[in-house]
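User: I am new to this structure. Please walk me through it in short steps.

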Amino acid sequence: MTGTSRVLERRKHYLRLMRRATLERGSFTVADIAAATDTPRSTVQDWVNRLIKEGCVQLMEEQRGRHAARYAASSVMPESACRRVFTTIDGDQVEIYHECMSGGCAAFCEFHHARAGGALQSVRRDGTLLRERASLGRRDVAVGLDPAPAVGIVGVFHDDGYIRQQIRCIGGPAYSLTDMMSFAEGVCGVTVHREGPVVEGEVVTRALAYVAIGIDDTDTGTEGATFALALALLQHLAKLDGVMPIGHRVAMLNPRLEARTAGNSCSYIELAVEPDLVPQIEESAVRFVADEAASREWGIAVRQGFRIPRDLRAYGRSARESVIDRETAEATAERFGARLHGGRGVIGALAAVSLIGLPHDVLLDPGRDVCAGWEPVGLRRPESFE
């Protein structure tokens, strides 16, 4: 973590405590915050002075004799409707993940980002998680009142391990950009400038590596469930430094396969990982599944990158329509940069990885054609980038 990132994290921590104390007790003292953080009072006083200059904290009562000065956070509004904002990169494409506290807010951004287009290729939402695909470059958007979009991502750039999102907005989205997004987990910095009612800002996040881990054959006819072990693995890896969990998906494979334990489902989990930690995460995943699987035939497949080549997707289709042998799975994995670990389950685990990016209704219906293509509704692809 850079020096700037550490300062930003400390600022978030102190301001969070100050806002909580203001909400609960109406004000706070330097001693209150020092006790809550086990920090010297002189350090807390420095932060209070700094936040007063920034307009985030107000002096309510001056010190009088033994009575300490009392302060209050200038606002007890939610410090951020944005829980997490983070990004992964694969070649010249970036995926942006924005997890919100509110399904309503996430739906608002989904609607307006799709209407704006801008630098985005696709927009889709799963509950409170907004997930967007962008190409590097800039494409301007005119924001305004309906029918114009209220917010749009106009540019996405990759510089020295960081992703810079350039966002243009008005109204509520402008408040989110100026007052909330810097508090979201994963944000390294936010800069903004105004042009009348329009705000344009830049949100900086780490350029993380996208890692998909497919899992299959971890259960037996009487013990275990692959979906449960996959979810446990996601929770385990999410606790490691340098990892942002994205999600867990279940996919159905060939329902007529004789060796299946039940309906023949597999799972995959998605992670955003600091690039140099990918080997460590893979080792942790292998160790965890080997220890926890009920079946000796457990298998996992690990692949970096969210872009799925057509021929890899075709492997997933074959796994839903026919019987695949291990030799075919190993040859396919080598061709597309996936790494296999374990027993017979690697066949289905690789199929799970080949199906990433598809909607739930396609993943769960083995009769649907996974190679037919799927495009989120409401967004036309940008024709060119500057």
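User: Which residue follows α9 with a positive phi?

Analyst: This is a predicted model, where local features need pLDDT of at least 70, side-chain atom pairs count only at pLDDT 80 or more, and totals for chains, interfaces and linings use all residues. Residues are numbered from 1 along each chain as its sequence is written, and side-chain values use heavy atoms, with hydrogens and water left out. Helices (H or I, at least four residues) and strands (E, at least two) are DSSP runs, numbered from the N terminus. After α9, phi is positive, near 75°, at Gly 337.

User: Which residues of α9 are buried, and how do they sit around the axis?

Analyst: Buried means under 20% relative accessible area, exposed over 50%, and partly exposed in between (1.4 Å probe, protein chains only). In α9 (residues 326–335), the buried residues are Ala 329, Thr 332 and Ala 333. Seen down the axis, they line one face of the helix, because they fall within an arc of 100° (taken from the directions from the helix axis to the C-beta atoms).

User: What do the buried residues of α9 pack against?

Analyst: Contact here means heavy atoms within 4.5 Å. The face turned away from the buried side carries the exposed Glu 327, Glu 334 and Arg 335. The buried residues pack against α8 (310–321), β15 (338–342) and α10 (346–354).

User: In the salt bridge of Glu 9 and Lys 12, which residue is buried?

Analyst: A salt bridge is a side-chain nitrogen of Lys or Arg within 4 Å of a carboxyl oxygen of Asp or Glu. Glu 9 and Lys 12 meet at 3.5 Å, N to O, and both lie in helix α1 (residues 3–25), three residues apart. Glu 9 is partly exposed, with a relative accessible area of 35%. At 2%, the buried residue is Lys 12.

User: How many residues apart are Asp 126 and Arg 249?

Analyst: Their side chains meet in a salt bridge (2.9 Å, N to O). Asp 126 lies in strand β5 (residues 120–126) and Arg 249 in strand β12 (residues 243–252), so the pair links distant parts of the chain, 123 residues apart.

User: Which residues join Arg 131 and Glu 270 in one salt-bridge network?

Analyst: Arg 131 and Glu 270 meet in a salt bridge (2.6 Å, N to O). Arg 131 lies in strand β6 (residues 129–135) and Glu 270 in strand β13 (residues 265–273), so the pair ties together parts 139 residues apart in sequence. Both residues are buried. Through shared partners, the network also takes in Glu 95 and Arg 133.
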